[in-house]
Amino acid sequence: MKLFLRLLANDLRLLARHKSEWATLMLFFVTVIVLLPFALGPEPELLSRLAPGLIWIAVLLMSLLALDRLFLQDARDGTLDLIRLSPLPLPLLVFSKVMAQIIGMLAGLMLMLPLAGLLLGMEIRQLCVLAASLLLGVPSLVLVGGIVAAVTVAVQRGTALLTLLLTPFYIPILIFAVAATDASAMGGSIRPQLLLEAAILCFLLPLAPLVTAAALKQSD
Amino acid sequence: MDMLSVQSLVCRRNGKTIFRDVSFSLKGGDMLIITGTNGSGKTSLLRQLAGLLPVSAGTIAWEGRPINDDMSAYRQCLQFVGHLEAVKAELTVRETLNYWRLLHGQEKPGDLTGCLSVFDLEGLIDQPVRRLSAGQKRRLGLSRLLLNPVPLWLLDEPGTSLDKDSAVKLVDAVNRHCANGGMVVVVTHHDIGLKPTQNFQLTRKASV
């Protein structure tokens, strides 16, 4: 456990030092949100109704950019070899990397969310439901994304393949996440949708690192 | 007793045979230099020895047992320095070494002076790797060998971008390692003054 925390601390430190990369991701997210009212017209009702879905789309697009780099950088500078050569279990090392990415993305999103909510005229309650759906949904995105990122590194293909492979997996996560905010807008219960999101996460949490590690072993 | 023995090793990639019938064995104190033309599979052979590349046919055995039987135990016995330094521009020299130590399964950040002094890195300890020159990065990469005492060193072109002094230090370190009963496999086509106990020339066998 202590070993894992040290690994995680190191991975977080590496992420934290990529300041310009994070700035790019967050700027990308905000830019999408800022441009939407111009494209859809400045009707507050329409915007606030569409807001959760729009924000989720922005998050998905941003995550494609972020996940592309998850293992690519390590493969390029040779660190991936060291990770694979470690006597420690590979799924553990992968899990630490993925967890760091999840923490980084959630932290960034939670900072940006109030701003995005404000720009799209969301109510506080709606915003809270959206935050809950992001907290449960984004980890699943990164866990699945990790598998696909490992596969693309192993076969030495780029972003195009990543996007193509990842999109089908994103759809269920997106459906349940947006269903939760929709239900809350209609005054219904958000519990079942959030529970389903949590179920997806619980399914992925133990499995995804194992599959990711298996994919990384295939790279040469 | 032979510690590392390789028997009729074959490497096939993308349907092409890169090499076959590679056999040698090393015991404590041995230094093997593998030479060969570009594309003869030197790096592939070294990556197979490290367990990074699957073996197409033949066996690699460590202490008499195929390495695939207990990969984790075998990995604890080797250090691999490839032609990429595996350093992160964002970390300092100290953080890099502690990260490697952690990856090798050692929890506590220990004393680094021993491994820093061998390649004259003491003065650079708190420098970010981003500011190091190519030669300094290579020295940092090589200092990984001394981080944990392991019996087997696998080196891919270790002399690249080293100046004369550093090359001498590398040769000294390798000689000392062998004198202490360690084993070294070096892939190179530059003569940096190593005196191997064995040589192996890789030649491209007819492809099937």
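Two residues are in contact if their C-beta atoms, placed from the backbone, lie within 7 Å. This is a predicted model, in which local features need pLDDT of at least 70, side-chain atom pairs count only at pLDDT 80 or more, and totals for chains, interfaces and linings use all residues. Residues are numbered from 1 along each chain as its sequence is written, while chains are lettered from A and ligands numbered from 1 in the order in which they are written.

In chain A, residues 24 or more positions apart account for 82% of the contacts with a separation of 6 or more. The chain has nine helices and zero strands; helices (H or I, at least four residues) and strands (E, at least two) are DSSP runs, numbered from the N terminus. With a radius of gyration (taken over C-alpha atoms) of 18 Å, close to the 17 Å of the globule rule (2.2 Å times the number of residues to the power 0.38) for 220 residues, chain A is as compact as a globular protein of that length. Of its 220 residues, 43% are buried, that is, 20 or more other C-beta atoms lie within 10 Å of their own, with C-beta atoms placed from the backbone.

The contact between the chains takes 20 residues from chain A and 22 residues from chain B. On the side of chain A that touches chain B, α1 (2–17) and α5 (79–85) each supply at least two residues, and α1(A) gives the most, with seven residues. The table sorts this side by class.

| Class | Members of the class | Side of chain A that touches chain B |
|---|---|---|
| Nonpolar | Ala, Val, Leu, Ile, Met, Phe, Trp, Tyr, Cys and Pro | eight residues |
| Polar | the others, Gly among them | five residues |

Methods: A residue is buried if 20 or more other C-beta atoms lie within 10 Å of its own, exposed if 12 or fewer, and partly exposed in between; C-beta atoms are placed from the backbone.
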